[in-house]
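Please look over the structure below before reading on. This briefing is for a reader who has not seen it before.

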Amino acid sequence: MRIEDLSQLGYVRVAYPEALRKLVERAMLGWQTFCALPQSEKKRCSKEGDRDADFGYMMRSDHDQKEQFHVSLKDTFELKQRSCCIRDPHAVEFVIATDMLIYRIQPLIAEFAEHVERVYGVVGLKSDVLESAADWTFRYLHYYGTEHLLADEHIDRGGFTLHLYENEPGGEYLDFDFVWRPFPIDHAQTVIFPSLGLQHRSQSALKALWHRVLATPETAQNGRFALVVFIDFPGFRCQNIRKQFGNRPAGFNYHLDADAFEAVCAQ
Ligand SMILES: [Fe+2]
């Protein structure tokens, strides 16, 4: 892991263990089966009517055309209870599989946090990250839009983001020269990049990376399925990222020092 890439490229590549990849692929098959269920069944895994619930299945069509499913350790008990109402057990296997994924990604996450702690002087990051495992959020995504952009340019909530799966290319990041470039993702490697929490915690030595998702002819036809993990730790919480940062230009945070960044976050 070349951790210095974080301040030079904006992200770091991490080796993708085959055992982890296989688990992820199985979970994604379950997620695709779930997406094909009637809406009335999918809603059994959601807190319908509460748009701020941030729980289980969520349909989002106001900004990006997508449906998503959040799984985290703290919600596992309730999610498993609700999953029992789904008639096809294969469709909810990914909820159970996520339990194991949390432990499988732990070594990667620990290694990343340890390197960041040492190289960028972020004291206590590794223990804070590992103690927050119950709050790590696995986001299963299904984009079904046909327009040029499947996901608008944005920065992520939480501390940092691990990419685990996408069935098609199209993910791009904004580099520090403000040029959009494709993420280098393949079966043997994936990426971790900082979000707002890590910019805050590193006193702006690391920058929350802007990214977006483009449609391809394949995704326009068959949709785009993806899995990312938001790694949280205490100290920074952005309740409504769109409201707080949505009207700021992409990359606005790249040249902010710690004080300027905190001033923006406080607004
Ligand atoms: Fe994102």
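The points below cover a helix, a nonpolar core, a sheet and a loop.

This is a predicted model: local features need pLDDT of at least 70, side-chain atom pairs count only at pLDDT 80 or more, and totals for chains, interfaces and linings use all residues. Residues are numbered from 1 along each chain as its sequence is written. Helices (H or I, at least four residues) and strands (E, at least two) are DSSP runs, numbered from the N terminus.

**Helix H5**
- H5 has 28 residues and spans 39 Å from its first C-alpha to its last, close to the 40 Å expected at 1.5 Å a residue; the expected span is 1.5 Å times one less than the number of residues.
- At glutamine 106 the helix H5 bends by about 40°, and proline 107 follows within four residues; the bend is the angle between axes fitted to the seven residues ending at a residue and the seven starting there.
- Among the buried residues of H5 are Phe94, Leu101, Ile105, Phe112 and Glu117; buried means that 20 or more other C-beta atoms, placed from the backbone, lie within 10 Å of a residue's own, exposed means 12 or fewer, and partly exposed is in between.
- Glycine 121 follows H5 and has a positive phi, near 65°.

**Nonpolar core**
- The largest nonpolar core holds 57 residues, and those touching the most other members are Tyr11, Trp31, Phe94, Ile192, Leu227, Val229 and Ile231; such a core is a set of buried Ala, Val, Leu, Ile, Met, Phe, Trp, Tyr and Cys residues joined through C-beta atoms within 7 Å.
- Helix H5 (residues 93-120) gives the largest share of this core, 10 residues.
- Beyond its neighbours within four places in sequence, leucine 227 is in contact with residues including Val24, Met28, Phe138 and Tyr165; contact means C-beta atoms, placed from the backbone, within 7 Å.

**Four-stranded sheet**
- An open sheet of 4 strands runs in the order E5-E10-E7-E8 with antiparallel pairing; two strands pair if DSSP finds at least two bridges between them.
- Strands E5 (149-154) and E8 (180-182) stand at the edges with a single partner strand each, so one side of each has no neighbour in the sheet.
- E5 and strand E10 (residues 211-214) pair over 3 bridges in the antiparallel sense, and histidine 211 in E10 is the bridge partner of histidine 154.

**Loop between H7 and E10**
- Most residues other than glycine have a negative phi.
- Glutamine 203, in the loop between helix H7 (196-201) and E10, has a positive phi near 55°.
- Serine 204 lies in the loop between H7 and E10, and its phi is positive, near 70°.
- Glutamine 203 counts as partly exposed, because it has 15 C-beta neighbours inside 10 Å, whereas serine 204 is buried, with 20 other C-beta atoms within 10 Å.

Methods. Contact = placed C-beta atoms within 7 Å.
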